[in-house]
Amino acid sequence: MIPSVELITNVEQLSPGDLGRWNELARNPLQRWEWLGSWCRAYQGDYRLCVLRVTRQREIIAFAPWCLESRVGTGKTIQFLGSGKVCTDHLSLLVADGDIDDACSAVARWLAHSADPTGNTDEQRLLWDSIELIGVDRSDRTMNTLVESMQREKLNVEVADGLGGYAIDLPATWDEYVRMRSKSGRREVRQSLKNIDTGTICVDRVQNQQQLDAVWDQFVTLHQRRRHASGTTGCFDHPPFDVFLRDAASELLDAGLLELIIASSEGVPVAAHFAIADNDCWYFYQSGMDPDAEALRPGLSMFCHAIRESIQTGRKTFDMMRGDEPYKLRWRAELMPAQEIRVCSPRRSAQLRHQVVKVGATFKNLVKSGLGIGQPQS
């Protein structure tokens with residue numbers, strides 16, 4: 001039987017049973033409703049919900065966790081919940097392995113029909129101009145299948161390399177990990193953990209909502225101080241982000257997925273580590289540090305502590321998330337390639353927008369390379 005697709009434009013349309021099924025289909029904590037629902041609530045003023053619920057014989061087999069943003073350049077743009085400043089990684093359609101082909105075909109057909117200017121107008125139609133899906137793993141079978149399905153529907157699909165993340169493939173024991181490091185790296189690890197093991201730095205993990213309330217401002221302050229000391233803005237300079245992460249932290253804590261750790265020296269908070277973790281993987285999301293405590297190197301101590309704990313609790317991966325910062329290689333992390341998927345609607349107005357954006361991007365790149373209008377060429 002061909003699956004049916006229903007457009008969800010309001011959170012109230014998602015029942016507790018729907019959200020339970022959502023989390024069943026999620027393949028990692030960043031796809032769960034605790035994370036994406038918190039994002040939806042915090043950023044609802046800027047985005048319109050456009051989740052697709054895919055059913056077959058009354059059974060939900062998939063969700064497309066999407067939203068719609070109106071942009072000057074690309075018009076009405078479909079993207080993942082959790083996009084933008086939040087930089088969520090490992091995003092995908094939520095679907096079980098056995099239903100990937102059917103679900104992707106159904107979603108692709110729905111997108112093609114919805115964008116068709118000659119199609120019948122009804123409440124299940126969404127006039128979109130473009131799709132921009134970022135934070136997608138290059139190896140994600142589901143998203144690769146969706147790309148193929150959209151191409152079969154004659155949609156204009158472009159796939160490009162995205163900013164990948166780095167992750168450590170954790171060995172079975174801590175000693176094995178230490179041996180993976182260089183000679184200087186092994187010395188760095190031992191020195192960093194010494195502060196924790198001797199009690200110079202005390203580590204406290206948030207275990208309940210009361211503790212979360214008590215340390216949240218400390219965490220935000222440590223993050224902002226670290227960012228401002230380096231001459232950059234912090235995420236919490238953007239008010240919706242604070243609302244989002246505070247809400248997500250509470251939801252993740254109740255689900256047993258939050259790892260918020262505060263390090264103190266002589267009773268004063270000096271560093272913080274925010275991660276989302278399940279039984280298999282520790283996702284390092286954010287940190288903070290007091291610049292005045294730099295001599296203690298509390299950030300390094302916290303990082304070593306988190307990796308050691310991940311190994312000791314049997315996790316297989318320590319995920320450092322998106323970004324190609326050089327320090328990640330020192331920790332023996334390996335690149336996880338990512339991709340960005342963009343689709344242009346077949347509507348004429350969308351096609352014109354697409355051409356204007358491409359011309360503008362080309363011109364901008366020419367100017368950057370010194371080959372703009374009026375520039376001599378060798």
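## Rings and helices: a quick tour

Search the whole structure and you get 21 aromatic pairs. Keep in mind that this is a predicted model.

**Aromatic pairs**

- Let's start with Trp35 and Tyr285, whose ring centres are 5.1 Å apart. Their planes sit at 85°, and planes over 60 degrees apart count as edge-to-face, so that is the label this pair gets.
- Where in the chain do Trp35 and Tyr285 come from? Trp35 belongs to helix α2, while Tyr285 belongs to strand β13 (residues 281-289). With 250 residues separating them, the pair links distant parts of the chain.
- Are Trp35 and Tyr285 buried or exposed? Both Trp35 and Tyr285 are buried.
- Tyr43 and Tyr47 make another edge-to-face pair, with 6.4 Å from centre to centre and 75° between the planes.
- Tyr43 has a relative accessible area of 9%, so it is buried. Tyr47 comes in at 17%, which means that Tyr47 is buried too, as the cut-off for buried is under 20%.
- Ring pairs can also join up into a cluster: here one links Trp35, Trp216, Phe219, Phe236, Phe241, Phe244, Phe274 and Tyr285. You'll spot Trp35 and Tyr285 from above in that list.

**Charges over rings**

- Which ring does the charged end of Arg181 sit over? Arg181 has its charged end over the ring of Trp331, 4.7 Å from the ring's centre.
- Trp216, one of the cluster residues, has Arg246 lying over its face. Arg246 is 5.6 Å from the ring centre there.

**Helices α1 and α2**

- Helix α1 covers residues 16-25 and helix α2 covers residues 33-42. The two pack at an angle of about 120°, and their axes are 10 Å apart.
- What do we call that arrangement? An angle of about 120° makes α1 oblique to α2.
- On the α1 side, the contact is made by Leu19, Trp22 and Asn23.
- How many of the 10 residues of α2 are buried? Nine are, so α2 is largely enclosed by the rest of the structure.
- The buried residues of α2 are Trp33, Glu34, Trp35, Leu36, Gly37, Ser38, Trp39, Cys40 and Ala42.
- In α1, the buried residues are Asp18, Arg21, Trp22, Asn23 and Leu25. Their cover includes α2, along with the strands β3 (51-56), β4 (59-64) and β7 (94-95).

**Two single residues**

- Trp66 is found in strand β5 (residues 66-71). Its relative accessibility is 1%, so Trp66 counts as buried.
- Asn195 sits in helix α6 (residues 183-197). With a relative accessible area of 17%, Asn195 is buried.
- Leaving aside residues up to four places away in sequence, Asn195 touches Thr200, Ile201, Leu296 and Ser301.

Note on methods:
Residues are numbered from 1 along each chain as its sequence is written. This is a predicted model: local features need pLDDT of at least 70, side-chain atom pairs count only at pLDDT 80 or more; totals for chains, interfaces and linings use all residues. Side-chain values use heavy atoms; hydrogens and water are left out. Axes are lines fitted to C-alpha atoms, for helices over the stretch in contact, and angles run from 0 to 180 degrees between N-to-C directions. Helices (H or I, at least four residues) and strands (E, at least two) are DSSP runs, numbered from the N terminus. Angles under 35 degrees count as roughly parallel, over 145 as roughly antiparallel, 65 to 115 as roughly perpendicular and the rest as oblique. Contact means heavy atoms within 4.5 Å. Rings of Phe, Tyr and Trp (its six-membered ring) pair if their centres lie within 6.5 Å; planes under 30 degrees apart count as stacked, over 60 as edge-to-face and the rest as tilted. Buried means under 20% relative accessible area, exposed over 50%, partly exposed in between (1.4 Å probe, protein chains only). A charge sits over a ring if NZ of Lys or CZ of Arg is within 6 Å of the ring centre and within 35 degrees of the ring normal.
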